[in-house]
Each structure stands twice: as C-alpha cells, then as structure tokens.
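Here's a walk through the model you have open.

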Amino acid sequence: MQTIDMAKVDLREVNSTLHAQKDDTNQTSWEIVNPKGSHAIAVGLDAPIEVTVRGSTGYYCGGMNKQATINVEGSVGPGAAENMMSGAIIVEGDASQYAGATGHGGLLVIKGNASSRCGISMKGIDIVVHGDIGHMSAFMAQSGNLVVCGDAGDALGDSCYEARLFVRGSVKSLGADCEKKEMRPEHLEILKDLLERASSDAKPEEFNRYGSARNLYNFDVDNAGAY
Amino acid sequence: MTIKDHDESGIPHTTPRQSATFTNDVNSDIRRAAATGIYDIRGGGAKRKVPNFDDLLFLGASISRYPLEGYREKCETKVTLGTRFAKKPIELDIPITIAGMSFGALSGPAKEALGRGADAAGTSTTTGDGGMTPEERGHSSKLVYQYLPSRYGMNPDDLRKADAIEIVVGQGAKPGGGGMLLGQKISDRVAEMRNLPKGIDQRSSCRHPDWTGPDDLEIKILELREITNWLVPIYVKVAGARPYYDTTLAIKSGADVVVLDGMQGGTAATQDVFIEHVGQPTLAIIRPAVQALQDLGMHRKVQLIISGGIRSGADVAKAMALGADAVAIGTAALIALGDNDPKWESEYNELGTTTGAYDDWHEGRDPAGITTQDPELMARFDPVEGGRRLRNYLKVLTLEAQTIARACGKNHLHNLEPEDLCALTVEAAAMAGVPLSGTNWIPGQGGY
C-alpha cells in the first residue's frame, strides 16, 4: 500500500499523485493519512485503484470519481461524491449536505446518517444510507436509486423525475409530485443487490418505494399551486 | 373606417386618445393573460428601452491628443484571459467572445456554426446547459465549458477537454432565475445528454445543488482546479444585478475571469416579466464592477467580460473604454447566423409575429432552423455558411472598434478609457460615470 501523508504534502500533490495512476497501474492500493478535514481530497480520479482516507474530510471528497474505490474512515463534509461517474465511495461515518449530488453513476455508501439534500439532482448514481437522511433529499432526482435504511426528513423527492427512492423507516413528508409507489419484484431485486453491495443487513421487504407521480412533467398552470 | 369628428348636433368630439399607460401592447398582454391564465414565456433579452451604449459618444482626437493613422498604424486587439491562476490562460486574437448558448436551445448545426465562426475569427465559443457536443468541441479550438446548476451532461472528461470553465451563477435576462427547456425541444439526443425522458419539460435550477454563497464557491473553484490540474482559467458568470458586490465576491472566491451579463442579454426562455423587470442595463453595470476590481487591486489581473446587448464595434469599444477586458455576444451572433432574417417573413407571420420580433425560441419552430431540434427546420441551416457569416460579423465588429480606438489615439483597444467618452443623457452620464456632453458634470460624483 502506498501512503500519502497530508501532514507532509499538500492537496495538490495528493491529487496529482492519484491522477497519475493509469488503468494498468500496479499501485492499486493507497492510503491518505492526516486528512484533517481538507477539501477536495481524491477528486477527479480515473483509475481502478482503492484509496482509503484515514480520517474525516471537508467538502467534495471523491468529487467526479471514475473507477476508483474510495473508503473514508471518518465523516465527510458537503458534496461528497458529487457528480460521481462510476466506482464506489464508502463513508464509515456521517455525511453533510448534498451527498452524491448530481452523481451520474457508481455507488455511494454512507454508514452513518446523511444530512439534507442527499442525492439532489442525482442522474444515475446509487446511494445507500445506513442511517437517516435530512430534508429535501432527492430534490429533482433524475435517475438512479436512493436507499435509506433509517428515516427520511421533510419533502423527500420533491420535483423528482425517474429516480427510485426506497425508505425503510418513516418519511416525515413527501415533496411536490412525489408519491408512494408499488414495490414490484424487480424493485426487490434492485434493493437486494444494493443492500448486499452496501454491506447492509436490512431486508428488501422492509422498505417502501417512492417516486415521481409525473404530474408536473409538463408545465400546466393548474399545477402552479403545487410548486 | 372614418371616425366621425362631431356628433349629430354638430358638437365636436375630442380626438380619441390612446393611453400612455394602457398602450396597445399592454392591452394585448392583458388579453393574452385573461385568455390563458399563464404568464408569457419567450426568449431573448429585455426589449424595453433602457439607457445603453447609444447614449455615449467618443470624443476622438484633437489638439490635446493625436490620432493614429487608420490604414497604417497598428491597433492591437489581442487579449489574454485567465492570467491570475491558470497555467494555460486563453489567448484570443479579438476581445469579442461567443456567449454560452446550449445545445438543446440551439440546434447542433447552429452550435457548429458558432464554433466555426469563432474559430475563424480567433476567438472562443462557449457551451451551455446540456453539456458539450462533439461538433462543438471539434469546430472550436478555444471552447469554454459552462458549469451550470443543472449539471446536465456534466462529466469530468468534457471538463478536462475545455479550454476554460465558466461557473454560471446567473445571467442578465433572469438574475435569480432558473430555466426551462420545454418538452417539444427534447429530442432523443437532447434527452440522452440530460439523463431525462424524451418530451418532458426540463427544468434548470436557479442555484447550484452543492454550494451556496461565496465561501462555498471558493471551495468549489478549488475542486474544479484540482480536477483539471490548475491548467485552465475559471470564469464566474453573474447577472449584472449587483455588480460591485458580486464582482468583489467572485474575485475573493478565486475567479480568474468575471463575466457580467446585463439585462439586454438573451436567454433561451423565461417569463417575459422576469426579462423586462429584473436586473440592470448593461451600461450601468460596468463601472461598479471595474471599481470593485480596482478596489482589490485586480483590474487587468482578473479579466472582466461584459455581455448583454453588444451589437457593433462602437459598443465593443465603449464597453472596453469603461474598463472591460473583453465582451461576449449571443443574440447578435444568432442574428449574424440568420435568426430573424426577413427572408422568413411569411413564416414568421404564420407564427403570429414578424421579422425582428420573433422570440418564441422555446417552441422549437424557428423558421431559420437555429433555435430548434426539428430535423426539417434544422436542415435549412448550413453550418459552414453560418460560420462564414459569423466570422465576417466578428471581423466587422473588430474593424469598427479599431477605427474608433485609432481616432482616440489608442494603439490597443485596452487603452481606451472613460476619458474618451461623453454622454448624451443625464442618466447615461450617471451610469457610465462619464461627463454629460458639453459639460464636465458626472451626475452622482462630486457631491451632487
């Protein structure tokens, strides 16, 4: 395992070292020590490497990740895994606002709780939160899956499009045009796979599914009061 | 029909008087609203008359300063954008760039033409909401990639292909507003690029999903620089609504370039009430922004691009004399391509409008084939010819600006200064911070 010590090198060197890894690199295992809550750690990676951050991070950890697997042995600040394309980010602690925002692909696992706007504008990413999520999560969520093993806050799925939202616990309130939907066998299969990949022992049958009622897909003045 | 000027007993009628408040235009708005129950949505920028560059004049040379010979002495036009932090600033032959306009709002061939024309003129073009298309990248040697709240089509590969990144906070036509691409313009390709089903309205958020405020913006800029290895300039585009403070905050957040867009700047579609009633005229936003740059010691270090209603080389020269490093054009570029051309008059009439007034770009029925995704209409537009026309237009803008600069004795467009200008109206003098013509009075300065 290669070690990068942020007590000795700056952020630029951290990211440029990781960016230098190509698809065929044989240095596939990395650890970052002393992250000290730094922002933009391991952003823009594009190689099949595994990076373990030993501590908590600031904003945008793993932003725009492709291919890499990033483990965070702590909590993450706002915008973790924002716009992730592929790969995986596993957070042992909690996540601040906007986790997985606009993500296009890959898997984000948060083993603690996630704050507000988790999965905002998600575009294909899969997000599994072992704990609870805050208000306005999955706002304008376009596609992908958001799995919440705990409870969801206010206005879940407000103005969402085709994203699938699975919640095991309670939902404080649903946002505009979001409704409870039938859980069909194919959804149970999706859930089973995601829960396994996220190392969760929750059972698919314990979840409810939510998604767009599709009433606001095309503007209609009669719906103006719904916004 | 003849209106009788007296009644049956011979008493004269007063002349029928139209209201200055309830004009025919206003009344038609009321009738449309009463019939539909929905506000009017359109494209373009503010159509109302606001103080603008036509209210300024250049003084030219005289005994106190001498001019440069128009056909012999050089007047430079080059500009370098992004000199503050980027390892690879953008070097342009002319200080006139093409503003961001999305694939989706515009057809693929129209985007290609913008790239071709800008490239031939030695300047940059800009993507828009919806991401980067191969045609656009392929035909633009200098391409600015917009980073927008919707993040439609956003990916790190395209980000790294860009020659600059423009973080869009707002635009002059709708400061504080998001956007909407109506379902009728969502073709298979547009839908795929935006990760949404075909045919549904696609909303573009009014603010970014993962940051709010200048402190967050500074960290967002750091992230984008880290992803792109600090190579390319990062612009911050804001509506010119609060130019002093927004410019200050953009600089403090780490921007290489600030783009300010006045209310005459166009949009693909938003509410008419928004376009006409929110924001400030382009003329009014330049001096406060330059003041912010100067107060921070960053004028000419962080470059300022001004957009919103730039039409001629005189407008270019005036914006630069007031302190801009470059300008951006959008609506004028579309007109150069063939938008609102009189040759389509009969078809504009069919759509209930006329040449010069067509602004229902969001409906996707543009007779000129520019603001549409309809294959038959798109086929009317030749991107090679469109590119040639845009190149010609950019060349004329540059020649006109050089003509004025030489007349003021300047060997570079950047050497134009406010002292080369006077204003025709009190309002314009106050907004531009230059004397009212025939006086040494600058309203708002000197205690009165």
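## Where the chains meet

Chain A puts 35 residues in contact with 21 residues of chain B, contact being scored when the C-beta atoms of two residues, placed from the backbone, lie within 7 Å. On the chain A side, α1 (11-19) and β7 (123-129) each supply at least two of the touching residues. The largest share, four residues, comes from α1(A). Sorted by type, the chain A side has 16 nonpolar, 15 polar and four charged residues. Here Ala, Val, Leu, Ile, Met, Phe, Trp, Tyr, Cys and Pro are nonpolar, Asp, Glu, Lys and Arg are charged, and the others, Gly among them, are polar.

Some housekeeping: this is a predicted model, so local features need pLDDT of at least 70 and side-chain atom pairs count only at pLDDT 80 or more, while totals for chains, interfaces and linings use all residues. Residues are numbered from 1 along each chain as its sequence is written, and chains are lettered from A and ligands numbered from 1 in the order in which they are written.

## Chain A at a glance

Chain A has two helices and 11 strands; these are DSSP runs, H or I over at least four residues for helices and E over at least two for strands, numbered from the N terminus. Going along the sequence, the order is β-α-β-β-β-β-β-β-β-β-β-α-β.

Take the contacts in chain A with a separation of 6 or more: 25% of them are between residues 24 or more positions apart.

## Chain B at a glance

Chain B comes to 15 helices and 16 strands. Its radius of gyration is 23 Å, close to the 22 Å from the globule rule for 448 residues, so chain B is as compact as a globular protein of that length. Along the principal axes, its C-alpha atoms fill a box of roughly 85 × 65 × 45 Å.

Buried residues account for 54% of the 448 in chain B. Among its contacts between residues at least 6 apart in sequence, 67% join residues at least 24 apart.

## Helix packing in chain B

Look at α6(B) (residues 213-227) and α7(B) (residues 243-253): their axes come within 8 Å and cross at roughly 40°. The axes are lines fitted to C-alpha atoms over the stretch in contact, with angles running from 0 to 180 degrees between N-to-C directions. Under 35 degrees would count as roughly parallel, over 145 as roughly antiparallel, 65 to 115 as roughly perpendicular, and the rest as oblique. In α6(B), Pro214(B), Leu217(B), Glu218(B) and Ile221(B) meet Leu249(B), Lys252(B) and Ser253(B) in α7(B). This contact has four nonpolar, one polar and two charged residues.

What about α7(B) and α9(B) (residues 282-295)? Their axes come within 8 Å and cross at roughly 40°, and the two helices are therefore oblique to each other. From α7(B), the residues involved include Tyr244(B) and Ile251(B), and from α9(B) they include Ile285(B) and Leu293(B). The contact divides into eight nonpolar, three polar and no charged residues.

Technical notes: The radius of gyration is taken over C-alpha atoms; the globule rule is 2.2 Å times the number of residues to the power 0.38. A residue is buried if 20 or more other C-beta atoms lie within 10 Å of its own, exposed if 12 or fewer, and partly exposed in between; C-beta atoms are placed from the backbone.
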